[in-house]
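Take a look at the sequence and the structure, then read on.

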Amino acid sequence: MNNQRSEQLRKENLNYSGTGGLSEENKSQGFLPAFMDVLSGDVVLSRFRNGVLAPFHTLDGLPEPWVIARDVHGHVTEIKSSVVSGFVRLGQFFTREEAAAFVRI
């Protein structure tokens, strides 16, 4: 996510604000921020660089094979284009759109 991907996360947050597609809007229903590589189907929970679960989507804790570039401070600046943000609930991955639809029900 060369800072374009970080910007993409910000845009997603704006687009899904008020829909249930944000961490702060769906955590009460058991959703945890996560990422999925749509090519492999692998899913990981969002984590800080030190491995602690993050309460929001952050790139710095993604698996190394998903990372394409880091800045001089070690922060992720680019990830594979096949990685999407979403949520995990009861072991199942939900895209932001799917999470928003679930919360509306």
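The chain's secondary structure comes to three helices and six strands, where helices (H or I, at least four residues) and strands (E, at least two) are DSSP runs numbered from the N terminus. Starting at the N terminus, the order of elements is α-α-β-β-β-β-β-β-α. The radius of gyration is 13 Å, close to the 13 Å that the globule rule gives for 105 residues, so the chain is as compact as a globular protein of that length. That radius is taken over C-alpha atoms, and the globule rule is 2.2 Å times the number of residues to the power 0.38.

A word on where this comes from: the model is predicted, so local features need pLDDT of at least 70 and side-chain atom pairs count only at pLDDT 80 or more, while totals for chains, interfaces and linings use all residues. Residues are numbered from 1 along each chain as its sequence is written, and side-chain values use heavy atoms, with hydrogens and water left out.

**The whole chain**

Along the principal axes, the C-alpha atoms fill a box of roughly 45 × 25 × 25 Å. Of the 105 residues, 39% are buried; buried means under 20% relative accessible area, exposed means over 50%, and partly exposed is in between (1.4 Å probe, protein chains only). The accessible surface comes to about 6,000 Å², and 54% of that belongs to carbon and sulfur atoms. These areas come from the Shrake-Rupley method with a 1.4 Å probe, and for residues only the protein chains shown count as cover. As for contacts (heavy atoms within 4.5 Å), take those between residues at least 6 apart in sequence: 51% of them join residues at least 24 apart.

**Salt bridges**

How many salt bridges does a search of the whole structure find? The search turns up four, a salt bridge being a side-chain nitrogen of Lys or Arg within 4 Å of a carboxyl oxygen of Asp or Glu.

| Arginine 10 | Glutamate 7 | 3.1 Å |

Start with arginine 10 and glutamate 7: they are three residues apart in helix H1 (residues 4-16), so about one helical turn separates them. An α-helix has 3.6 residues a turn, so residues three or four places apart point the same way. Arginine 10 is partly exposed at 47% relative accessible area, and glutamate 7 is partly exposed too, at 32%.

Lysine 80 is partly exposed, at 25%, whereas aspartate 37 is buried, at 1%. In the remaining table pair, arginine 70 is partly exposed at 33% and glutamate 64 is partly exposed at 48%.

**The loop between S2 and S3**

Phenylalanine 56 sits in the loop between strand S2 (43-45) and strand S3 (67-70), and is partly exposed at 40% relative accessibility. Together with Phe48 and Val52, Phe56 makes a nonpolar surface patch of about 250 Å². Patches are made of residues with over 30% relative accessible area and no salt bridge, with like charges joined within 9 Å and nonpolar side chains (Val, Leu, Ile, Met, Phe, Trp, Tyr) within 5 Å.

Is threonine 58 buried or exposed? Threonine 58, in the loop between S2 and S3, is buried at 14%. Leaving out residues up to four places away in sequence, threonine 58 touches Phe35, Ser46, Arg47 and Phe48.

Leucine 90 lies in the loop between strand S5 (83-89) and strand S6 (92-95). Its phi is near 50°, a positive value in a residue other than glycine, and leucine 90 is exposed at 76%.

In helix H3 (residues 96-104), Arg96, Ala99, Ala100 and Val103 are buried. They cover an arc of only 100° around the axis, which puts them on the same side of H3; the arc is that of the directions from the helix axis to the C-beta atoms.

Serine 17 lies in the loop between H1 and helix H2 (23-26) and is partly exposed, at 46%. Serine 17 and alanine 100 are 83 residues apart in sequence, and their C-alpha atoms are 9.7 Å apart in space.
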